[in-house]
Amino acid sequence: MKRIFAFFMTVVLVVALSVPAFAALGEFIASPSGVPAPKLVSYTPLSPECTGKLVITPWSERHTLDDATRARLEQAYNDIINSQVINNQLFDEMKKFEESHGISHKDLAIGALFDISVFDCTHHEAHDGFIITLKPEVWGNIVGVIHLGENGWEMVEDTMDDEAQTITFTVNDLSPFALVYNTNPDGPATGDSSNMWIYVVLMVVSVSALGAITYNLKKREN
Amino acid sequence: MGRSRELEKRYLHIAAVVFLFIFLLSTVLLIVNLWENRDSARFPEGTAGPQSVLEYNGKEYGLKEGVRTLLVLGLDKFDEVEVDTGYTNDRQADFVMLLVIDDNDKTVTALHINRDTMADITVLGLAGEKIGMVNKQLALAHTYGNGKEVSCRNTAEAVSSLLYNITIDHYVSVTMDSVPAYNDLVGGVEITVLDDFTGIDEDLVKGETVTLMGDKALTYIRSRKGLDDSTNSTRMVRQRQYLNALYKKSVECKNSDENFVLNAVLKMADYMVSDCSTNQLTSLAQTIIDYKFTEIKTIEGDNVVGEQHMEFFPDVESLKKNVVELFYVPKN
């Protein structure tokens with residue numbers, strides 16, 4: 001009886017262990033796709049009665065957004081690209097990171113651009129904002145969140161949890177967001193050109209002095 | 001009077017030397033300052049470079065000379081290659097193969113790399129800056145960047161990093177449209193069907209020998225869903241079989257038509273992104289066909305179902321063995 005039971009249990013065990021293997025072989029496992037948005041870990045509406053659900057859409061899936069939202073996201077993209085070249089309002093906001101984090105704006109980069117929209121809220125039109133927690137794809141060297149709100153680009157006050165690798169912030173309106181990274185965490189501050197002018201002045205002074213001395217020496221010889 | 005003049009002259013000489021020194025020093029410091037403050041490279045130049053000496057199985061191996069590499073990427077998109085107006089794209093590198101051209105031995109060896117290989121990939125920001133690293137399927141390295149050169153170089157960097165920092169000299173990526181186009185250019189490719197395509201294509205019967213034409217070629221090397229074994233590893237076996245046959249047809253075509261290689265490169269240009277000019281590509285293609293093709297190597301490892309997707313973990317021993325055999329020679 002014991003042997004029969006042991007045999008039976010062995011068969012059950014073997015079959016149970018084999019099923020996942022066969023399932024894996026037969027089951028189609030889809031390939032991963034695209035660059036994801038940061039993971040929306042949690043959100044809390046500031047209005048307790050708000051029933052809205054937040055959905056985060058990465059740049060790579062902007063085609064799924066409605067026309068107006070997609071246009072706003074694309075405007076955000078253009079602002080970011082142009083801020084590298086011209087001093088637009090975003091550029092001014094990025095300069096604030098220099099003051100708050102001591103990082104040159106030249107070392108700052110936008111690492112992720114995405115949209116957060118609210119759906120299925122039947123209660124009201126204005127939501128009084130949300131407290132949002134995100135988990136970015138890349139954590140190291142993240143410095144903050146920037147947001148294209150109703151009044152233009154603004155740096156968002158945030159709290160970072162290094163252990164959970166999450167960033168939490170509160171916003172009163174939803175629109176494109178972007179994560180800001182420090183591309184030069186270990187190097188010296190770049191973009192600091194004050195030393196350059198000292199060297200230029202020294203060069204000019206020394207060349208002028210050399211010129212004057214040479215002229216003086218030649219005059220004496222003549 | 002004369003003595004004081006001499007003294008003045010001497011002081012002037014000393015002053016001239018001092019100011020010359022100041023001028024030279026400030027010039028050097030200015031150059032260093034400008035160099036440090038230059039705009040950081042939009043794209044990383046690459047990894048640290050291969051080790052000149054590699055230890056394997058208790059022996060030392062030195063880098064082989066006269067070796068060039070061409071990374072070939074097959075993108076899972078049908079469209080003609082367009083620059084994506086964004087910093088990310090949806091073109092994964094579904095097919096990854098490194099051609100190793102040995103100019104000393106006059107041989108070409110291919111290393112077929114599983115697209116699901118878990119590798120360290122550079123994440124790029126909106127303006128192409130390096131933001132950080134993630135460990136993901138190798139195929140996804142191409143989704144960072146503009147879908148063209150930036151994405152190709154990002155993938156090349158990931159492959160280099162995977163293969164002990166060996167140098168990737170050139171890359172070429174092609175979209176899926178290119179498969180039937182080139183397949184038909186060589187007059188079709190004959191293979192013996194390895195898998196059961198019932199429900200996918202009734203003309204592809206397991207065990208039968210068929211000549212693949214047009215989209216059937218793409219179906220044969222691309223299909224996974226609906227097959228008994230839908231892993232990429234099984235698909236790679238069919239891809240290698242097809243490539244071996246395609247290579248032989250290409251050699252036949254080249255031997256019968258001296259303009260075949262140039263015409264093929266020109267025809268494929270619409271489907272292709274490369275860091276090579278047309279002349280360089282033609283020269284490379286010519287070399288690959290002229291040299292002796294040895295084999296298509298693969299890296300052994302384990303397919304694991306991850307949280308959501310398939311993950312391939314290369315066997316460390318197999319990976320190193322391939323790198324040593326392809327790029328190193330025993331040090332005497």
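Read along the sequence, chain A runs α-β-β-α-α-β-β-β-β-β-β-β-α. That makes four helices and nine strands, where helices (H or I, at least four residues) and strands (E, at least two) are DSSP runs numbered from the N terminus.

Some ground rules. This is a predicted model, in which local features need pLDDT of at least 70 and side-chain atom pairs count only at pLDDT 80 or more, while totals for chains, interfaces and linings use all residues. Residues are numbered from 1 along each chain as its sequence is written, and chains are lettered from A and ligands numbered from 1 in the order in which they are written.

Confidence next. The mean pLDDT of chain A (the predictor's confidence in each residue, from 0 to 100) is 81, and 82% of the residues reach 70 or more. Residues 20-25 of chain A fall below 50, and beyond near neighbours in sequence that stretch has two contacts in the model. Two residues are in contact if their C-beta atoms, placed from the backbone, lie within 7 Å. Where pLDDT is low, the predicted coordinates should not be read in detail.

How much of chain A is buried? Of its 222 residues, 24% count as buried. Buried means that 20 or more other C-beta atoms lie within 10 Å of the residue's own, exposed means 12 or fewer, and partly exposed is in between, with C-beta atoms placed from the backbone. Among contacts in chain A between residues at least 6 apart in sequence, 74% join residues at least 24 apart.

One residue to look at is A:Phe177, in strand β9 (residues 176-182) of chain A. A:Phe177 counts as buried because it has 25 C-beta neighbours inside 10 Å. Leaving out residues up to four places away in sequence, A:Phe177 touches A:Phe114, A:Ile116, A:Val145 and A:His147. The C-alpha atoms of A:Phe177 and A:Trp59 are separated by 10 Å, with the two residues 118 apart along the chain.

Now the contact between the chains. Chain A gives 47 residues and chain B gives 43. On the side of chain A, the elements with two or more residues are α1 (2-26), α2 (67-82), β3 (108-119) and α4 (194-221). The largest share, 15 residues, comes from α4(A). By class, this side of chain A has 27 nonpolar, 18 polar and two charged residues. Here Ala, Val, Leu, Ile, Met, Phe, Trp, Tyr, Cys and Pro count as nonpolar, Asp, Glu, Lys and Arg as charged, and the others, Gly among them, as polar.

On to chain B and helix α7 (residues 278-290). This helix has 13 residues and reaches 18 Å from its first C-alpha to its last, close to the 18 Å expected at 1.5 Å a residue; the expected span is 1.5 Å times one less than the number of residues. Which residues of α7(B) are buried? They are B:Leu281, B:Leu284 and B:Ala285. Seen down the axis, the buried residues of α7(B) fall within an arc of 100 degrees, so they line one face of the helix; the arc is that of the directions from the helix axis to the C-beta atoms. They pack against β3 (67-75), β8 (170-175), α6 (260-268) and β11 (272-274) of chain B. On the other side of α7(B), B:Asn279 and B:Asp290 are exposed.

Last, a loop residue. B:Asn57 sits in the loop between β1 (53-56) and β2 (59-63) of chain B. Its phi is near 50 degrees, a positive value in a residue other than glycine. B:Asn57 counts as exposed, because it has 9 C-beta neighbours inside 10 Å.
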